[in-house]
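Hi,

Here is the structure I promised to pass on. Have a look at it first, and then read my notes below.

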Amino acid sequence: VGIRRIAKEAGVNSSMISYYFGNKENLYKTVLSLYLDEFKTIVMRLPIKNEQQFLKEFIKHHIRILKKRGKYIALIIARESVEDFERSKDFFNEFLKEIKNKIETVFRQGIKKGFLKDIDPVVLTRILIGIDIIFAFKIENLDEKTTSHLAYHILMDGIKRT
């Protein structure tokens, strides 16, 4: 999509985009950072002493922010993380590396303590994100509390040792 079309859809003059953002890539990064900055701040403040509580809180906040920021941002982030685009790798690493590492640490701790199945934490992280995206956008008739509760239990039903 070109700058002119973006400007037209936003109802602004295309020169404003160039003036404020320089180019389309900087506009793209700015839009994504609106979501990522808020989300990173929240996640990095969550304590990881209790892995199950961390996952509950992560899911609650993640679904809330996904709903707040809109499905297109979530789809872009999901696409970028799955397809591993070279042009955005550094940008995403800057924002998501700490979040990803924290989630993977939580999963490793749960596996080590024996209450989670021994599944690769990288895979578990992608499952977690995928469940949140599905629940945030495909189950619209439930409130956020019920949605995050359901997402948590479906995740745990699949990964918890019995």
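Some housekeeping. This is a predicted model, in which local features need pLDDT of at least 70 and side-chain atom pairs count only at pLDDT 80 or more, while totals for chains, interfaces and linings use all residues. Residues are numbered from 1 along each chain as its sequence is written, and side-chain values use heavy atoms, with hydrogens and water left out.

On confidence: pLDDT is the predictor's confidence in each residue, from 0 to 100. The protein averages 86, and 91% of the residues score at least 70.

Now the rings. Phe, Tyr and Trp rings (for Trp, the six-membered one) pair if their centres lie within 6.5 Å; planes under 30 degrees apart count as stacked, over 60 as edge-to-face and the rest as tilted. There are three aromatic pairs here. Tyr19 and Tyr20 make an edge-to-face one, 4.9 Å centre to centre with 90° between the planes. Are these two buried or exposed? Tyr19 counts as exposed because its relative accessibility is 66%, and so does Tyr20, at 59%. Phe54 and Phe58, by contrast, are stacked, at 6.1 Å and 25°. Both sit in helix α4 (residues 51–69), four residues apart, about one turn of the helix. Phe58 counts as buried because its relative accessibility is 0%; Phe54 is buried too, at 1%. Together with Phe39 they form one aromatic cluster.

Next, Glu38 in helix α3 (residues 24–45). Its side chain makes a polar contact (N or O atoms within 3.5 Å, where within protein one must be able to donate a hydrogen and the other to accept it, and residues adjacent in sequence count only if both atoms are side-chain atoms) with the side chain of Lys68, at 3.0 Å. Leaving aside residues up to four places away in sequence, Glu38 touches (heavy atoms within 4.5 Å) Arg64, Ile65, Lys68 and Arg69.

Happy browsing!

Terms used: Helices (H or I, at least four residues) and strands (E, at least two) are DSSP runs, numbered from the N terminus. Buried means under 20% relative accessible area, exposed over 50%, partly exposed in between (1.4 Å probe, protein chains only).
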